[in-house]
Amino acid sequence: MSKKLAVIVGAGKGMGYHIAEKFAQENFKVVLIARRQTALDEYVAEFTAKGYEVYSKVADVSDTPSLSTAFEQIQADLGTVDVLVYNAALMQDGKLTEMSSNDLMERYQIDVASALHCVHQVLPKQIEQHSGILLFTGGLFGVHPNENIDYAGLSIGKAALRSLTLMLNSELKSKGIFAGIVQIMGVVGSNAHFSPKNIAEAYWKLYTEKFSFEYIYK
């Protein structure tokens, strides 16, 4: 049986790396997407040394044409993306009164709009095979947007991402596509429970069980 394909958008050393490793451990082909080739080369070398089948593509989530190109190449070379994980966000703080509308739109593009753009890249082939998984990284501020007014842009983005996931889940379930979001209700890396490796297990659980459109990890 051929391996399924998972693509991780936002494959940094923290959550993205460990989500990718979890799926690789479960016999997936994995593609890492990030902005820096040097970092990707390092991750690929580490994964390959562990016996995983892993590839990489450079793309910037603020630049949708670069994402389109990356996914076009991935699907031409490796086939249908069975699992898409969108793990990108603009991790900057600031109150709403301190940011311009342009600032907010920049954050929204990265946190939400580019997530939808990635979905559009993989969805046609997933619909063809009547099977596919779309997973997103949420968090405390998306569930409780007013938890910290100093992270207004991130809160708005994650709240919108939650809504996007719910609506995709409702729209696509009849086509065999599942959309889910992992809500990380704490600071990644702050303790053992919130280690990236442990949180990555939540993505696998949501992938395998599909018990809800969201997994509240707390």
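This is a predicted model: local features need pLDDT of at least 70, side-chain atom pairs count only at pLDDT 80 or more; totals for chains, interfaces and linings use all residues.
**Entry 1: Glu 214 and Arg 162**

I started with Glu 214, which makes a salt bridge to Arg 162, with 2.7 Å between the closest N and O atoms. Next I looked up accessibility. Glu 214 comes out buried, at 13% relative accessibility. Arg 162 has a relative accessible area of 29%, and I put it down as partly exposed.

I went through the pairs one at a time.

For Glu 26 and Lys 22, I have a salt bridge with the closest N and O atoms 3.1 Å apart. Glu 26 is partly exposed at 34% relative accessibility. Is Lys 22 buried or exposed? I get a relative accessible area of 10%, and with buried meaning under 20%, Lys 22 is buried.

Lys 22 also has a salt bridge with Glu 201, at 3.2 Å from N to O. Lys 22 is in helix α1 (residues 15-25) and Glu 201 is in helix α7 (residues 196-209), so here the linked parts are 179 residues apart in sequence. I logged Glu 201 as partly exposed, its relative accessible area being 38%.

I also ran the search over the whole structure, and it turned up 8 salt bridges.

**Entry 2: Gln 183**

I moved on to strand β6 (residues 177-184), where Gln 183 is placed. How accessible is Gln 183? I find 0% relative accessibility, so Gln 183 counts as buried.

What does the side chain of Gln 183 reach at 2.8 Å? My note says the backbone nitrogen of Gly 139.

Then I listed the contacts of Gln 183, leaving out residues up to four places away in sequence. Gly 138, Gly 139 and Val 143 are among them. Tyr 215, Ile 216 and Tyr 217 are also on the list.

Notes: Residues are numbered from 1 along each chain as its sequence is written. Side-chain values use heavy atoms; hydrogens and water are left out. A salt bridge is a side-chain nitrogen of Lys or Arg within 4 Å of a carboxyl oxygen of Asp or Glu. Buried means under 20% relative accessible area, exposed over 50%, partly exposed in between (1.4 Å probe, protein chains only). Helices (H or I, at least four residues) and strands (E, at least two) are DSSP runs, numbered from the N terminus. A polar contact is a pair of N or O atoms within 3.5 Å; within protein, one must be able to donate a hydrogen and the other to accept it, and residues adjacent in sequence count only if both atoms are side-chain atoms. Contact means heavy atoms within 4.5 Å.
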